[in-house]
Amino acid sequence: MIPLVAAGLVLVVPARWARWVALAGATAHLASAALAWYVERVATRSAYATTHPREWATWFQELRTPWFGLDLGGLGRLQVNFWLGLDGLSAPLVLLTGVVGLIGVGAAWHLPLARTDRPRGFFSLYLVLLAAVSGCFVAVDLVLFYVFFEVMLLPMYFLIGIWGGARRELASVKFFLYTLLGSLLILVVVVALFPVTHGYGLTALTDFARHAPGQWLSPKTGGATTARLVAFGLLLAGFGIKLPIVPLHTWLPDAHVEAPTPISVVLAGLLLKVGAYGLLRFAWPLFPDAARTLAPVVAGLGAVSILYGALCALAQTDLKKLVAYSSVSHMGFVLLGLASLTPEGAGGAVFQLVSHGLISPLLFLLVGVLYDRTHSRQIGQFRGLAGPLPRFAAATVIGFFAALGLPGFSGFIAEILVLLGSWKAALGGGAGGFGMPLWTAIVPLAGLLVGAGYCLWTVQRLLFGTYWTHPSLEAPAPLPDLTPRERWLLGSLCAATLGLGLFPAVLLDGISADATAWVNFVRQALP
């Protein structure tokens with residue numbers, strides 16, 4: 001709600017005040033998100049919570065009121081509730097939304113908006129996008145979630161299409177069409193669910209799945225039926241486009257390359273997480289038997305995404321494309337963790353969402369710093385930047401070491417948990433007892449090795465050796481180091497990923513309890 005109010009205010013204040021209103025709105029949003037997360041954390045550590053096991057879909061904070069209803073004759077009544085809830089899995093993502101949202105405003109502070117001379121348009125769209133992402137993470141009613149999911153499309157389309165690079169029209173259209181296709185696949189399942197549920201709230205759906213033998217929605221009818229397999233596959237594809245998973249990822253590099261830096265920050269830091277959250281919140285709880293049957297396929301897609309994304313990143317000469325493909329690789333860990341259906345894998349997948357939500361904005365901000373000074377992202381046009389840019393070099397080392405999963409950084413905690421869960425499932429202790437092929441636990445190790453290769457190669461090429469920039473670059477000599485604003489932005493993200501790497505329990509306390517509840521909930525639904 002706060003970003004929407006701020007977006008409205010941005011449209012009515014003088015243009016010179018637009019960024020200040022956006023900053024105030026993003027700050028207030030972060031404060032409210034931090035308060036909500038703190039309340040959830042206190043509830044997790046309460047005496048009652050430590051003596052009573054968590055149950056899935058039990059909300060620490062909840063708002064539920066009727067939104068609209070429609071009488072559909074013989075089909076029954078469609079009742080949609082404005083139903084918001086916060087638990088141990090959504091609270092860290094809401095907090096992440098506040099952090100990345102504020103970082104994005106800071107990154108856009110001196111963004112040249114000359115192509116539009118309309119900063120009010122930029123910041124209002126940005127705040128609407130932030131509100132839609134936040135809505136996805138707290139929506140409980142499936143129709144309400146779908147509304148927020150769709151609302152994300154338009155702001156991002158215009159933010160890339162108007163303020164993007166030379167090929168911005170192509171990139172924005174490609175993003176829109178891919179994401180719209182994913183939305184339509186999800187909509188097919190939403191519509192198919194209605195005749196047997198007469199309502200879409202998550203609790204109503206899952207309760208119906210438990211107590212409706214003979215209906216196609218119930219998992220306890222003797223195995224995953226074709227209808228349930230198709231429904232799970234549609235949700236996997238629809239949310240997988242947003243995640244993204246190979247081979248549904250091709251829109252992502254183009255969108256990142258053409259998007260301005262603050263939009264790349266939000267795209268990588270937040271929008272990709274919505275796809276994973278949709279799978280976690282809806283796909284597995286609704287169709288657990290189909291998820292178990294397709295666990296080898298899902299785990300295989302995750303493992304292939306890890307290795308393929310790392311290999312593509314290794315082949316890039318454009319620094320922004322390299323970071324974009326690294327996101328494909330890191331999101332593969334999320335899919336692998338969910339497929340394992342173990343507390344370690346599920347907890348690691350959620351932790352990876354938060355970790356990557358900090359690391360990828362850090363890397364894109366570093367690319368933006370270099371591009372602002374040289375108007376180039378080609379790795380081969382730079383060498384020895386550690387000399388004139390020591391602060392930039394320090395942030396670059398931290399960012400890429402965090403991306404490769406070095407111990408002491410948040411990426412290590414997330415990836416080790418996912419790998420533990422995948423090995424447990426491969427040895428028969430996960431995926432609802434169905435297990436996963438052993439190669440799905442081995443291939444990610446190769447992906448980590450390739451990931452270390454492209455991270456170290458990039459750091460070595462950019463920072464070390466004798467200082468040199470390509471003669472074609474119209475850049476000052478020597479390049480100026482980080483400004484105070486850039487130091488605050490980069491320093492905050494560096495401190496966050498280091499802090500979560502050294503003190504992961506700050507988030508894992510709440511995540512672990514709800515991840516275990518999620519696994520138990522899904523497994524109990526299996527026939």
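## An aromatic cluster

Which residues do ring pairs link into a cluster with Trp 163? In this predicted model, the members are Phe 122, Phe 123, Tyr 126 and Trp 163. Across the structure, the count of aromatic pairs comes to 15.

Let's look at one of these pairs. The ring centres of Phe 122 and Trp 163 are 5.2 Å apart, and their planes stand at 80°, so this pair is edge-to-face; the label applies to planes over 60 degrees apart. Phe 122 belongs to helix α5 (residues 119–138) and Trp 163 to helix α7 (residues 153–163), so the pair ties together parts 41 residues apart in sequence.

Are these two residues buried or exposed? Phe 122 is buried, with a relative accessible area of 1%. Trp 163 also counts as buried, at 7% relative accessibility.

## Helices α6 and α7

Helix α7 has a partner in α6 (residues 142–151): the two axes come within 4 Å and cross at roughly 10°. Angles under 35 degrees count as roughly parallel, and α6 and α7 are therefore roughly parallel to each other.

Where do they meet? On the α6 side you will find Phe 149, Glu 150 and Val 151, and on the α7 side Leu 153, Leu 154 and Pro 155. By class, this contact has 5 nonpolar residues, 1 charged residue and no polar ones.

## Charges over rings

Phe 149, which takes part in the contact with α7, also has Lys 242 over its face, at 5.4 Å from the ring centre. Another such arrangement involves Tyr 371: the charged end of Arg 377 sits over its ring, 5.2 Å from the centre.

Notes:
Residues numbered from 1 in each chain as written. Predicted model: local features only at pLDDT ≥ 70, side-chain atom pairs only at ≥ 80, totals over all residues. Heavy atoms only, no water. Phe/Tyr/Trp six-rings, centres within 6.5 Å; stacked < 30°, edge-to-face > 60°. Helix = DSSP H or I, 4+ residues; strand = E, 2+ residues; numbered from the N terminus. Buried < 20%, exposed > 50% of the residue type's maximum accessible area, 1.4 Å probe, protein only. Lys NZ or Arg CZ within 6 Å of the ring centre and 35° of its normal. Axes fitted to C-alpha atoms, helices over the stretch in contact; angles between N-to-C directions. Parallel < 35°, antiparallel > 145°, perpendicular 65-115°, else oblique. Contact = heavy atoms within 4.5 Å. Nonpolar A, V, L, I, M, F, W, Y, C, P; charged D, E, K, R; others polar.
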